Amino acid sequence: ITSTTGDPLSQPADAVILPATPANGDLDLVGTIARANDALGGELAALARDARFAGTRGTTLVVPTLGN
């Protein structure tokens with residue numbers, strides 16, 4: 001396992017951990033989270049909504065990227 005700093009969406013990686021925050025009971029789609037959602041064609045927001053994931057403390061959401 002290695003870690004690096006910088007833009008997580010511009011680095012080749014097998015896994016990426018992104019901090020998420022809630023907004024009005026949903027996942028707050030700003031910054032890197034918004035860019036990740038765009039890169040995945042909106043699937044991050046859809047998966048978070050389906051899983052009722054809002055990015056609250058102590059929660060996680062695993063999202064398959066299928067190589068994207």
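This is a predicted model: local features need pLDDT of at least 70, side-chain atom pairs count only at pLDDT 80 or more; totals for chains, interfaces and linings use all residues.

Reply: Start with α1 and α2: their axes come within 6 Å and cross at roughly 105°.

Me: So what does that angle make α1 and α2, roughly parallel or roughly perpendicular?

Reply: Angles of 65 to 115 degrees count as roughly perpendicular, so α1 and α2 are roughly perpendicular to each other.

Me: Which residues make the contact?

Reply: From α1 they are I33, A36 and N37, and from α2 they are E43, L44 and A45. By type, the contact of α1 with α2 has four nonpolar residues, one polar and one charged.

Me: Ok, α1 then. Which of its residues are buried?

Reply: I33, A34, A36 and N37 are the buried residues of α1. They lie on the same side of α1, because they cover an arc of only 160° around the axis.

Me: What covers them?

Reply: The cover over the buried residues of α1 includes β2 (26-27) and α2.

Me: And what is on the face turned away?

Reply: The exposed residues D38 and A39 are on that face of α1. Just after α1, G41 has a positive phi of about 65°.

Me: New topic. What makes up the largest nonpolar core?

Reply: Seven residues: L27, I33, A36, L40, L44, A48 and F53. The elements giving two or more residues to this core are α1 (31-39) and α2 (43-50).

Me: What does L44 touch?

Reply: Leaving out residues up to four places away in sequence, L44 touches L27, I33, A36, N37, L61 and V63.

Technical notes: Residues are numbered from 1 along each chain as its sequence is written. Side-chain values use heavy atoms; hydrogens and water are left out. A nonpolar core is a set of buried Ala, Val, Leu, Ile, Met, Phe, Trp, Tyr and Cys residues joined through side-chain atoms within 4.5 Å. Buried means under 20% relative accessible area, exposed over 50%, partly exposed in between (1.4 Å probe, protein chains only). Helices (H or I, at least four residues) and strands (E, at least two) are DSSP runs, numbered from the N terminus. Contact means heavy atoms within 4.5 Å. Axes are lines fitted to C-alpha atoms, for helices over the stretch in contact, and angles run from 0 to 180 degrees between N-to-C directions. Angles under 35 degrees count as roughly parallel, over 145 as roughly antiparallel, 65 to 115 as roughly perpendicular and the rest as oblique. Ala, Val, Leu, Ile, Met, Phe, Trp, Tyr, Cys and Pro count as nonpolar, Asp, Glu, Lys and Arg as charged, and the others, Gly among them, as polar. The arc is that of the directions from the helix axis to the C-beta atoms.
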